[in-house]
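Visitor: I would like to learn how to read a few features of a structure, one at a time. Could you take me through them slowly?

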Amino acid sequence: MAMQQKNDKDRQRLPKFNPYWIYGIVVVVLILISTLNIGQEPQRLSYAKFEKNILGSRSIEKIVIIRNELKAEVTLMADSVDQFKDLFAQKQAIPKSGPHFIVDIPSIDSFEESRKAVETAEHRDIPLFYEQRSNVFGEVLSFMWPLLLMIAIYFFFMNRMSGGSGSSIFSVGKSRAQLVDKDSNVNVSFKDVAGLEGAKDELVEIVEFLRHPEKYTELGGKIPKGALLVGPPGTGKTLLAKAVAGEANVPFFSMSGSDFVEMFVGVGASRVRDLFQKAKAKAPSIIFIDEIDAIGRDRGRGRGLSSNEERENTLNQLLTEMDGFGTNSGVIILAATNRADILDSALMRAGRFDRQINVELPDIHERAAIFDVHLRPLKLVEGFERSFLAKQTPGFSGADIANVCNEAALTAARKDKKFIEKQDFLDAIDRIVGGLEKKNKIITDAERKAIAYHEAGHASISWLLENAHPLLKVTIVPRGKALGAAWYLPEERQLTTKEQMLDEMCSTLGGRAAEDVVFGKVSTGALNDLEKVTKQAYAMVTYYGLSEQIPNLSYYDSSGSNDYSFNRPYSEQRAEVIDKEVSSIVAEQYERAKQILIENADKHKQLAERLLEKEVIFSEDLENIFGPRKGGVNPNELLKDETPKAETVEEASSEEIADKTDNEVEKA
């Protein structure tokens with residue numbers, strides 16, 4: 001058994017056979033034949049030495065004149081060869097049989113004159129013969145070289161255009177799907193997929209369909225033909241597909257949507273046909289197409305501007321294949337996309353993708369389970385508490401959590417630690433959210449003071465307003481492109497009221513309002529705040545119907561289709577009303593923020609001065625200045641016993657860190 005395994009390993013180390021090796025061997029042989037000489041070639045001799053040393057001697061057995069090459073082959077008598085050994089090269093052995101010398105003659109006439117002169121003077125005849133020779137192989141080779149070179153260049157470029165797989169040009173239309181079967185080493189299973197319980201249940205059932213189809217078909221049911229995984233980037237769609245490949249005992253064909261796209265016309269449709277043909281031959285089987293939006297975009301969208309006939313042909317072939325095989329043929333299609341809204345409606349209908357599985361961002365309990373998976377290979381300090389990690393990372397996807405764990409390990413290694421500690425995770429979260437600290441960035445005292453009051457304005461209003469997201473940490477240390485940043489702890493809610501949106505807008509405008517109230521002038525530091533507030537205000541008016549002038553109307557198109565012949569479903573007069581309503585909402589919240597800061601001017605100033613002194617402040621500092629937060633979420637209660645107090649800047653950077661919001665980092 002051990003010997004068999006060893007032989008298998010040796011066989012795996014051997015390179016796979018490539019048909020281009022044959023072409024290379026043929027070319028090398030031709031080069032060798034054309035450049036190397038087979039056997040011993042006669043010694044070349046100049047015509048002058050021939051006339052001086054050999055022509056007048058009586059040692060010549062015969063001379064053969066090659067007319068078309070103007071060469072003379074001289075053969076000496078056997079007993080006279082040693083007399084002329086000085087004319088042979090030192091490295092060359094003297095041949096026993098002729099011809100012994102090859103002489104380039106100036107012309108046949110001049111050679112005849114010299115020969116006749118010697119014969120007349122010595123009264124003897126020199127044996128002379130004439131021949132006409134042709135090198136057929138050399139002529140064919142000289143003719144074939146350009147053709148062989150063109151063929152080699154052709155195959156080289158065709159191989160590069162077909163993906164460099166080394167396959168024949170005739171296989172360019174073949175499917176490139178990666179086949180995963182029971183003999184493949186796929187180490188991902190459903191145990192490695194934390195959270196996503198609903199999606200896992202759907203996929204487990206699909207695997208069961210293939211393992212025990214009679215359990216479902218005997219009642220008259222039909223096996224689903226396809227399932228579409230939809231969700232934001234990094235939520236684990238491809239990981240779920242890998243888990244299906246690891247769990248299923250059936251062939252699993254994996255392919256990306258971009259693999260169907262090729263510069264040759266008809267290649268995409270040909271690959272679709274070949275993929276389904278292979279899957280049917282190995283049924284029951286599963287086909288997984290990642291990023292299907294590469295070929296599945298709506299055919300009617302953008303028609304005439306950026307239409308792609310080849311992509312549409314590929315999509316048409318995919319639609320035909322998905323609806324062409326029998327109901328119980330045993331081939332199930334899985335696909336993943338981040339943009340289900342742009343997929344063609346024919347692709348989404350029942351009978352093709354019967355199920356649409358939503359893979360959403362994980363909640364606090366799912367984040368805890370995902371952390372447990374990614375913490376397994378890490379060397380953690382003894383007694384490490386994991387519960388705070390899920391609370392500190394609202395809005396993180398599975399990929400973000402994996403990045404946090406990896407960044408924490410790198411941070412600990414950078415500090416030459418033997419184990420990963422809690423502070424390493426806090427530093428990793430802080431770095432991922434806000435970027436790397438840039439304490440050496442040149443900032444004047446006036447700018448530093450303006451940043452401190454700006455961030456203190458955000459912090460003050462977010463703490464005083466009941467429905468705003470409570471602040472966890474604010475810093476005036478530059479991070480990334482931001483001169484200052486604030487972290488909040490948002491509630492993980494599914495519905496948002498008008499009051500909550502207005503309080504959040506007021507808190508966002510608190511930075512610019514603080515500059516206006518304290519300094520009497522504003523700066524460009526509120527760009528990120530204004531962008532966010534403007535989008536929120538337009539969303540309130542045009543999407544959610546939360547304005548007083550235009551109530552209960554929404555101009556949001558969730559389908560993403562352009563079924564109408566106009567660009568926007570409202571008139572110019574309504575557009576003017578929308579603009580006025582948005583401006584009114586923003587102006588009202590800005591005045592509200594200024595009023596709150598004027599009423600709490602002393603506490604706002606105290607908070608800003610503390611921020612200037614410590615550079616980093618936390619929710620405990622706000623509670624000491626403003627008192628307990630009224631209503632809403634109190635971050636100190638939620639993260640109680642999780643984050644110790646910070647008394648100095650050094651302790652703040654080593655003992656405490658704030659939370660990542662769902663894209664709500666305020667930048668000064």
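Visitor: Leaving aside its neighbours within four places in sequence, which residues is Thr411 in contact with?

Guide: Please keep in mind throughout that this is a predicted model. Once the neighbours within four places in sequence are left aside, Thr411 is in contact with Asp424 and Asp427. Thr411 itself is found in helix α14, which covers residues 398-414, and a polar atom of its side chain lies 2.7 Å from the backbone oxygen of Glu407.

Visitor: Is Thr411 buried or exposed?

Guide: Thr411 counts as buried, because its relative accessibility is 6%, and the cut-off for that word is under 20%.

Visitor: How should I read aromatic pairs, and how many are there by this rule?

Guide: A pair of aromatic rings is described by the distance of the centres together with the angle of the planes. Here the count comes to five aromatic pairs. One of them joins Phe252 and Phe288, whose centres are 6.3 Å apart with 25 degrees between the planes, and this pair is stacked. Phe252 belongs to strand β8 (residues 252-256) and Phe288 to strand β9 (residues 285-290), so that the pair links distant parts of the chain, 36 residues apart. Phe252 is buried, with a relative accessible area of 3%, and Phe288 is likewise buried, at 3%.

Visitor: What kind of pair do Tyr453 and Phe519 form?

Guide: Their ring centres are 5.6 Å apart and their planes stand at 80 degrees, so the pair is edge-to-face. Because Tyr453 lies in helix α16 (residues 445-464) and Phe519 in helix α18 (residues 510-519), the pair ties together parts that are 66 residues apart in sequence. Tyr453 is buried, with a relative accessible area of 4%, whereas Phe519 counts as partly exposed at 30% relative accessibility.

Visitor: What is the order of the strands in the open sheet of five strands?

Guide: Strands of a sheet pair through backbone hydrogen bonds, either parallel or antiparallel. In this open sheet the order is β1-β4-β3-β2-β5, and the pairing is mixed. The edge strands, each pairing on one side only, are β1 (43-45) and β5 (128-131), and from one strand to the next the twist averages 25 degrees. Strand β1 runs parallel to strand β4 (residues 101-104), to which three bridges join it, and Arg44 stands opposite Ile102 in β4.

Visitor: Which strands does helix α4 lie across?

Guide: Helix α4 (residues 108-122) lies across β2 (60-66) and β5, and it runs at about 170 degrees to β5.

Definitions and conventions:
Residues are numbered from 1 along each chain as its sequence is written. This is a predicted model: local features need pLDDT of at least 70, side-chain atom pairs count only at pLDDT 80 or more; totals for chains, interfaces and linings use all residues. Side-chain values use heavy atoms; hydrogens and water are left out. Helices (H or I, at least four residues) and strands (E, at least two) are DSSP runs, numbered from the N terminus. Buried means under 20% relative accessible area, exposed over 50%, partly exposed in between (1.4 Å probe, protein chains only). A polar contact is a pair of N or O atoms within 3.5 Å; within protein, one must be able to donate a hydrogen and the other to accept it, and residues adjacent in sequence count only if both atoms are side-chain atoms. Contact means heavy atoms within 4.5 Å. Rings of Phe, Tyr and Trp (its six-membered ring) pair if their centres lie within 6.5 Å; planes under 30 degrees apart count as stacked, over 60 as edge-to-face and the rest as tilted. Two strands pair if DSSP finds at least two bridges between them. Axes are lines fitted to C-alpha atoms, for helices over the stretch in contact, and angles run from 0 to 180 degrees between N-to-C directions.
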